[in-house]
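Here's a quick walk through how the parts of this model sit against each other. Have the structure open as you read.

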Amino acid sequence: MARFFDNLTLKGSAAPLAASVLMAGVAAGSMTMTGTALAAEPDFTGKKITFLTPHRGADSVLSLKTWMKYASKNLKGNPEITVQSKFGGGGVTAANFFAATAKPDGLTASMLNLPAFISYSVGRKGVKYDISTMKVIAGEAAVYVHIAGKSAKAQDASGVNASAGEQSFGTRSRNFNVMTAQILWRAAGSPVRVVTGFRGNDTVIQALASGELNLGYIYMQAWMRNLKNYADLNIKPIYQMGTLDAAGNIMRDPLIKDVPTADELYLKLKPNAKGTQDYKALRTAMSMYQIAKGFFLPAGTDAAIVNAWRTAVDKGAKDPAFIAEHTKLFGFPLAYVPWAQASKNLNDGLATLKEPYFQPGGEGYQLIIGTRQKKKK
Amino acid sequence: MSGARIVDIALTVFFLAVGVFAITDVRDFPFQDQLFPFSAAGLILICVLIYGARQFITGPLEIEQETGANATKPPFTREQIHTVIPLAVAILVLVVGVFIFGHLIAVPAFAFGYILLRGEKLWIAIFGAVLLFAFIWGLLINVMEVLMPRPLIMDWLGL
Amino acid sequence: MEEALIILNAAVSGMFHVFSWPVFPMMMIGICVGMFLGLVPGLGGLIGFALLIPFALAMEPITGVAFLLGMSAVVTQTDTIPAVILGVPGTSAAMATSLDGYPMAKRGEAGRALCASYYASIFGTIVAAGLFILLLPILRAVIFAFGQPEFFMLILLGLMLAGSLAGNSLARGLIMAGFGLLLAMVTLETSIGAPRYAGEIIYLWEGIPLIPVVLGLFAIPEVLDLARRGTTISATTVDTRVSGLWAGLVDNLKNWWLIIRASTLGALAGFIPGLGGQVAEWLAYGTAVASDKDPSSYGKGNVRGVIAPEAGTAAQKPGALVPTVVFGIPGNAGMALTLSVFLIFGLTPGPDMITSKLDVTFGMIWVIVVANIIAAVLALVLQRWLILICYLRASILVPIVLGTMLTGATMANQSFGDVALFLCFGFLGYLFKHTDWPRVPLIMGLIMGGLAEKYLFLSFDLHGATWLWNRPLVWVIALVIFLSVFFPPMLRHYRAKRHGKAGAPAKVSGVKVSGYDE
């Protein structure tokens, strides 16, 4: 029996990330108390708050629930915050629902995800929300690692060159990771062949391990937790999408500091390409992943309420007890991005996505949405 | 012509329309997105044509003998339709009620009304309604924190 | 010999974990929650995980794992109860069971059908555990021998078996299968990222959810007919609540070979990420039908039609556990959640799980087996009262069942779109039922259509056309398709001809599964 328990001991291996995220939070987080600090603090005593999320996965919901438990402690009156899933339409359903029903009273907040930002920016049909008018209260980053299976010719960053030849890159559907891979490998002289239709990360890993797929990508935390296992399956990291440092710059994630970022690798391949559209697109992708999840209050919410929320989620995210609990639950701390940084990344990203390159007909649109437009009738 | 046969023909026409729509609607997609829809719609159209032609050529009797269309005593006779329509209306009332008032109110209210109208005792109707209310409010909304769809009345009342 | 001893030792050690304190009592609580979730149509294992994970995380790792696995292992056992008693498959994994279980209930054999399903679940998990032991030395080779082409061929096997469930009229069966396939084509995830058949209806962007369709197609017609008859579900007044216990066991023992085949298919479907319980169930059911001497008896209350899908679904659970714990590749959505919990507990998947930590893996498999046995016993105790539903007046049963179904259907996307789908397919289901358009091929098309499309194009994208001739497993599965789908009816036709009783070919191969005859 003792042996069994030994096998199930808890692991807390992500302390460096916690530190880095905390550092990243400090600078921008300090901004939360400026501006409307003199306004009366809203009182939520006896109120019930609903926090919407477009995700239905238990860990995503649990992560938000845990965070909100700590955020509640920092809202006056310690209101009960209930996290509810409103899934569907790749995040558009939740965003539409939030825009249509939430009142600017601070009692309804929502997480919106990257697909919802993209749908909004490219003017997808069915979008009935305006992100530019919503109030950002925080963000959460997603760090991705691009990986190679045993059949890939490139087994690390040095293998990203013209001799790699055409390789398959597996994904469920097109997104910024796919765009990054296409731009990077094109620059290396070995364009990848994007294979869509995988049902999820698990099926991509299976295909990489069996050797029928060459390349893919994975959420960094999942990578770290399965490090030994993936090594056994001959799956190796090539480059990463990076994480934010304290100054808001994208850098190598401390947990995989030997793995270069996509833009580092790109500049190594093309040293003078900083001003090019490809480089800009690559940086946009990396920047948008730093706000893969945005947390919002409705448009028109009073500044005092917005400020109270920003302060509450910021304090909650930095609470050592929360960091410890989140780390215990998931093996890593929340990749928290303070509202000011999140807002900057979001605004910059949305502005870039409004450029013709990412609009229907542009190359960027084809890279992140689909290979080509629907045929003209 | 029997009621079942009319429904059968209506369904055949419905599937014909589905097949035609399915092909028309994916014309502008690339091959990869067309193959399965075309195959499925093609299968439907071919089978509908064969089935329809057989009905026309061999007549309804043989078809019904083969498929047993009338074997299950379908409720499409005049007398039987009279018993089905009120029930269908009841289901429609339930659904419309759910849209307007939400599950929490409409479902228990429907159970209460239905049981009472069917001549059961008042306590049974109350028991049924309470049971469903407890299921939706207690288990789904409170324990599982399920976000039930927002009823229209909340929009109408500006809530 | 030494390796066998190590495996045996790990197996015994794993069994001790299951019965240790407080693992066993917490597993019992998980089982009770799972049984309830299975009973209520529309709920199910995924909702159970969302509900229980916060509690599990507060426990010791082994206890938490047993708590969650106990819950998820038995959901598919109690979902048989509404499927058999009411004719309403509460989860997509109980549809095949309801095809023969409900007609049995109508003739007063609900007890026998339910008991047969419980025993089949138990035997299914035991066979899967046995397979795990047998395949242990070559597990890695087995799992990674399967690629996208093999997945496609397995789905093709399922679709072909759907053909054998086409009903008396092959044309109608194929039309319904085509309709199901078209429904599965509704998606936003096309190669150009434009919605196909979904237009601007955001609700449809992630495809048509299965549960409102299944509940609409099966529940509304049954409820309407029950209300119209105004009687009880059971046509007989004979109480079979106790007699089923023995009859169900005998049925299982008589069909031991079917159980082994169905369980093997189920475990195999479990090994493969993304296939899930419903594919396992239909593969098993289709095999039972295709290999039977009298396929026309299915859909009318053939107990083999209850045993095969239950054994297949049950075997899928330990099957899906293996790639999850050994390679970190979850076999289904439930296992994906389980995996995240394993990781939270610091239980890292990897090859260690079948070497140095083999006892842990065995512990988990035994939890599934033991949970199924306990759930069967509890269900047998409960059954005495649950079967009374069959004898409840329609005026009471109809609104409660209808309200529960409608609410359950809404759990798919928690949207009014679910309600609308439930109503539309309820209307269609009623027409289908009473004009003998078989509903099962529609469901199979819906379940497997999207998978077939994805795996076919993945096969071509990754292997070109070469997978058609240079992958031996593809040929093996093709042979299985021939032997299980085409060969049996050919053999029957030949035998019938020899005995001078040749009938119409369509009738020979067809199975009437529109079911639920009055």
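## Where chains B and C meet

Two residues count as being in contact if their C-beta atoms, placed from the backbone, lie within 7 Å. By that rule, 60 residues of chain B touch 48 residues of chain C. Helices here are DSSP runs (H or I, at least four residues), numbered from the N terminus.

The top contributor to that side of chain B is α2(B), with 14 residues. By class, the side of chain B that touches chain C splits into 45 nonpolar, eight polar and seven charged residues. Ala, Val, Leu, Ile, Met, Phe, Trp, Tyr, Cys and Pro count as nonpolar, Asp, Glu, Lys and Arg as charged, and the others, Gly among them, as polar.

## About the model

This is a predicted model: local features need pLDDT of at least 70, side-chain atom pairs count only at pLDDT 80 or more, and totals for chains, interfaces and linings use all residues. Residues are numbered from 1 along each chain as its sequence is written, while chains are lettered from A and ligands numbered from 1 in the order in which they are written.

## A helix in chain C

Look at α13 of chain C, residues 256-271. Most of α13(C) is covered, with 13 of its 16 residues buried (20 or more other C-beta atoms within 10 Å of the residue's own, all placed from the backbone).

Conventions
Helix = DSSP H or I, 4+ residues; strand = E, 2+ residues; numbered from the N terminus. Expected span 1.5 Å × (residues − 1). Buried ≥ 20, exposed ≤ 12 C-beta atoms within 10 Å, placed from the backbone.
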